[in-house]
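Subject: Structure handover

Hello,

Here is the structure for you to look over. My notes on what turned up follow below it.

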Amino acid sequence: MRIVLLGTGWIMVAIGIVGIFLPVLPTTPFMILAAALFARSSPRFEQWLLDHPRYGKPLLDWRRQGAISRPAKIASVSLMAVSYGIVLFAGPPMIWLKLTIGVILLACAAFVLSRPQPSG
């Protein structure tokens with residue numbers, strides 16, 4: 001089971017890295033999931049993620065407080081809005097699908113905005 005968790009953790013890291021370059025794919029949730037998987041399979045890789053200069057602080061904020069920083073919230077909700085704009089104008093013609101995607105993105109934005117900001 002350890003190997004499965006470790007492999008899945010690395011898949012989450014890979015998807016997170018792809019998310020750096022694709023605005024429609026978030027990075028941080030995949031890194032949070034990778035850290036959780038590494039916590040159960042490889043303390044060394046978990047520590048590597050927690051010490052990472054870019055992802056360490058957001059991961060620790062999430063782990064300790066369930067918190068998301070203001071800049072991350074702004075970026076997240078803004079990219080969701082841009083993504084939905086792309087769906088509206090260039091996406092599939094089915095209105096029910098566009099509405100479904102809109103409801104899902106709205107729920108995700110509400111969740112992100114409802115998280116506290118990191119203290120200290």
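The protein chain has six helices and zero strands. Helices (H or I, at least four residues) and strands (E, at least two) are DSSP runs, numbered from the N terminus. In sequence order the pattern is α-α-α-α-α-α. The C-alpha trace spans about 45 × 35 × 20 Å along its principal axes.

Two points on handling. This is a predicted model, where local features need pLDDT of at least 70, side-chain atom pairs count only at pLDDT 80 or more, and totals for chains, interfaces and linings use all residues. Residues are numbered from 1 along each chain as its sequence is written, and side-chain values use heavy atoms, with hydrogens and water left out.

Of the 120 residues in the protein chain, 29% count as buried. Buried means under 20% relative accessible area, exposed over 50%, and partly exposed in between (1.4 Å probe, protein chains only). Contact means heavy atoms within 4.5 Å. Among contacts between residues at least 6 apart in sequence, 59% join residues at least 24 apart.

The UniProt record. The entry is unreviewed, and it lists residues 12-39, 72-89 and 95-114 under "transmembrane region". UniProt positions are given in the numbering used here, feature names are shortened, and annotations may be inferred rather than shown by experiment. In the model, residues 72-89 are 100% helix and 0% strand, with end C-alpha atoms 26 Å apart. Residues 95-114 are 100% helix and 0% strand, and their end C-alpha atoms are 28 Å apart.

The core. A nonpolar core here is a set of buried Ala, Val, Leu, Ile, Met, Phe, Trp, Tyr and Cys residues joined through side-chain atoms within 4.5 Å. The largest one has 15 residues, of which Met12, Val13, Met31, Ala34, Phe38, Leu49 and Leu59 touch the most other members. Helices α1, α2 and α3 each supply at least two residues of this core. The largest share, six residues, comes from α2. Leu59 is in contact with Met31, Ile32, Ala35, Leu49 and Leu50, leaving aside its neighbours within four places in sequence.

Helix α3. Which residues of α3 are buried? In this helix (residues 43-50) they are Phe45, Glu46, Leu49 and Leu50. Seen down the axis of α3, these fall within an arc of 140°, so they line one face of the helix. The arc is that of the directions from the helix axis to the C-beta atoms. Pro43 and Arg44 are exposed, on the face turned away from the buried side. The cover over the buried residues includes α1 (2-21), α2 (28-41) and α4 (56-65).

Glu46 deserves a line of its own. It sits in α3. Glu46 counts as buried because its relative accessibility is 14%. Beyond neighbours within four places in sequence, Glu46 is in contact with Ala35, Phe38, Ala39 and Arg63.

Phe38 and the aromatics. Phe38 is in helix α2. Its relative accessible area is 0%, so Phe38 is buried. Not counting residues up to four places away in sequence, Phe38 touches Leu6, Gly9, Trp10, Val13, Pro43, Phe45, Glu46 and Leu49. The C-alpha atoms of Phe38 and Trp10 are separated by 8.6 Å, and the two residues are 28 apart along the chain.

The structure holds five aromatic pairs. Rings of Phe, Tyr and Trp (its six-membered ring) pair if their centres lie within 6.5 Å; planes under 30 degrees apart count as stacked, over 60 as edge-to-face and the rest as tilted. Phe38 and Phe45 have ring centres 5.7 Å apart and planes at 45°, so the pair is tilted. Ring pairs link Trp10, Phe38, Phe45 and Trp48 into a cluster. Arg44 lies over the face of Phe45, 4.6 Å from the ring centre. A charge sits over a ring if NZ of Lys or CZ of Arg is within 6 Å of the ring centre and within 35 degrees of the ring normal.

Thr27 is in the loop between α1 and α2. Thr27 counts as buried because its relative accessibility is 13%. Leaving aside neighbours within four places in sequence, Thr27 is in contact with Gly16, Gly19, Ile20 and Tyr55.

Best wishes
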